[in-house]
Every structure is written in structure tokens, then in C-alpha cells.
Amino acid sequence: SNNGVFLSSTRDGVRHIPFEEKNQKNNGIRLSGFGVAVAGLAGSGALLEGVDGVRDVRWTGGDASDNASVGLALNARLGVLASAAYGAMVPVGTPPADLRDVTVEVGTFHRNGRNTHIGSGHGIVLLGDRVDHLTAIGVEAHRNDDHGLFISSLDEASSVVVSGGAFEGNDLNLDGVGAGVLVDAGGDLVGVTLDDARAHRNRVGVDLRAKGGDGRALLVRAGRFSANVDAGVSVDASEDLVGVRLVSNELLGNGIVLQARERGRQLSVEDNVLRGEGETGTGLRLSVEGVTVLRNVIGHFSTGVLATRSRDIRLAFNNIVNNAAFGLDAMTVRRDRPLDAADNWWGDRAGPRSDGQLDGMGDRVRGAAKVLPFLDEAVVIEGVAQGHDGACDANANDRIDDEEVLLCLSAVDSLDSALDLVGRWVRAR
């Protein structure tokens, strides 16, 4: 039949089920917390559904690819897609069905979906009324119809860790739904960490959403996000954003979006490289207050930084250079509350071109922003090779990988340097 292995339980859901080195192609395993098979996510490589929740599940290794719907699905409520993104309705008074203590380690989850309806073709799906303590370590999810890794809750989502892993080419069917990693909370989103993740050519690289509450204690660190269509990293809350840190990431050909409907505080964007492609798009979009932007390289976009608010926002010690239209666009910021953009390098010793303040030759600044004093040389940022824009230099490293060569080639200013760079890249391969 459709299921290679069927395990069921009529009491308390299904718990303590190890997945180790299985090959889950074309409906390899189906697990259900009810006494009969249900159609909830037909065509899944591995499906586990619970009556009153799903807990204590670990997947290690194996392949769950080329399935009609999803590679691996853990759904805490039997027969109901407990997903805020899908707008599922749960009857009033129904006990919560939570998804807790789940680890997905290693494994590949590719090419799932096969042009099914919008929002149903994912590499990994983890769903619950509430989700807590979910960990994904070193997984790969490429070219799925929709999301690579999709975590969703009707209420709060907390303690989510994505360590390592690669997510490439999701939104394969081009329906506009397709993040490398999407964590989507119907309530608060609390305690999410993404460390050393890679996301390339998705609709969005990493998308963190608190759709019905606050986003708190969110960290994206040491990731590499390139050529994602809408954004490399997007963080969005319907209420407040508190304690969000984006640190030491590389974003090539895509940018960062930070936004909240209400207030923001203790937000930081530090030590990142944001580099556009073809001088299009926006590097850093700030639609929230309470942000500190320190020691970043932001260049080769149409607009380097776009800010719509100014309260408690500080941009300092950044290299904001080679942006085609604006280094900083604060046109919608209130004139009586200008944004603090002092102590930045704008690509010219005479400072930026700034409306009514300066007549330098650096990147243009528009709107209500204070840019004095400005720096008269590029900032040296730890861990970032330095060139004329602070982003790269052909003599900085002995070895260079595929994405770094694209970053560095656009920074060198001589044919000899470019040939040397390509030669070292070839030797590294």
C-alpha cells in the first residue's frame, strides 16, 4: 500500500520513536497516534500524528526525498493541520495538542511536493498548537515545492534551534511560497537560534514570524544567505520585537528585513557583510525602533539602509558604500526626530552626499538623519577581509570558496588582482 511501515497507538499519542538511517522515499513510513490510518498528509515520506500531542521524537540520518507531499511531517493534532499559516480552526475547549522535544539530525529532504496545491510541498514540517524544544542539526532540504524546513504553531513557539544545515532552491514551483527555514508562530515567538545555516536561492532564506504576539530572544549567527528573492533574513512581529540579534552573517545578493507593528528594543545588527548584486534591492530594511547597527559592510544595493522609524536607532562604524541610489534613505522619518547615523564610512573622505548637510562624494543620504561626524576611512571589521569598500581584498586570504570569489571579484580594482584571486580559488577547489 502507500505505507512501508505503519505504527499506531490508541492511547497518549506516539512517543519515543527513533528514526535511524532509514530511507524514506515514496511513502517509506507512516506513523499515526490514532488507531487507523488517516489521510492528513497523504504522500509523505514519514508522517507522525498525535491525538493529544507528539513528544520525544528523534530522527537521525536517512533520506526523505521525492515524495508527493512532504519528506518528514510531525503533526501534533490528528487530522488537523495545526498551522497558523493555513488558518486551521480548533474547537473551543479542545485540550492543546503540543509538539515538544523533537530532534531531526542530519538527513536529506529534497524535491518534495510535485506541484501540489500551495503550501503543501515541504522538506520537513513540524506542526503543533504550541511547539517547544525543537532542534534541527545539519539537515539539508533542497528544491521542495514550498518550504525547506517549516515549523508552525497556533499559539506560542519557543526554544527552536537550527544548527548548520543547507536549504537551497525551495519554492520550486514558483508559487511565491518557499522559505529555506520558516518558523511561524500564531502567538509569541521566543528563544529561536539559527547558527551556521546556509540558504541559497529560496523565496526567503530565513523567515521568523510572530504573527500573534512578540518576537523575543531571536538569534541568527554565522549564516550565509545568498540570492534569495525577497530577503536573506526576515524577522517580523505583530507586536514587539525584543532581544533580536543578527551577528556575523554573510548576505550576498539579498538583504535583511526587521519589522514590528509595535515597539522594538535591544535589537542589534552587528558584524555582517551585506552585498548586493547589480546594484538593486535594499540591504537593510528597518521598520522598527530600538535597533543598533554596528560594524557592518553594506554595499552594492540600490539602497543600503532604508529606515522608516528613528527612535532609539543608531547606525555607527559601518562601511556603507557603492549603493546606487542611497546609502541611507530616511525620507519617511520625522524631521523633528532624526535618525542617528554618525560615525560611518560613506566611501569618501569628504563624507556622504547629504541633503542640506554635506556635499561629499560618498553614498547619498536622504531624509531626516544626522551623519556628523563621519569617518574618513573604512572601518576594519574583525573577520571581514578589507578592500576599498571594506568588504574584500584579493590578497587577504590564501584560500577562497565559491561564494567568496563572487564577493571579492567585484571588489578588486586591477586585472592582476582578479587573476590572482581566480587562481587561488581554482587551487582551493
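**Strands and burial**

Analyst: Strand 23 (residues 256-260) pairs with strand 27 in the parallel sense over four bridges. This is a predicted model, in which local features need pLDDT of at least 70 and side-chain atom pairs pLDDT 80 or more, while totals for chains, interfaces and linings use all residues. Residues are numbered from 1 along each chain as its sequence is written, and side-chain values use heavy atoms, without hydrogens and water.

User: What makes strand 23 and strand 27 a pair?

Analyst: Two strands pair if DSSP finds at least two bridges between them; strand 23 and strand 27 have four bridges. Strands here are DSSP runs of E with at least two residues, numbered from the N terminus.

User: Which residue is the bridge partner of R285 in strand 30?

Analyst: In strand 30, that partner is L306. Strand 27 and strand 30 (residues 303-307) also run parallel, over four bridges.

User: Why is strand 27 called largely enclosed?

Analyst: Five of its six residues (282-287) are buried, so strand 27 is largely enclosed by the rest of the structure.

User: Why is D240 called buried?

Analyst: Buried means under 20% relative accessible area, exposed over 50%, and partly exposed in between (1.4 Å probe, protein chains only). D240 has a relative accessible area of 10%, so D240 is buried. D240 lies in the loop between strand 20 (231-237) and strand 21 (241-247).

User: Which residues does D240 touch?

Analyst: Not counting residues up to four places away in sequence, D240 touches G213, D214, G215, E262, R263 and R265; contact means heavy atoms within 4.5 Å.
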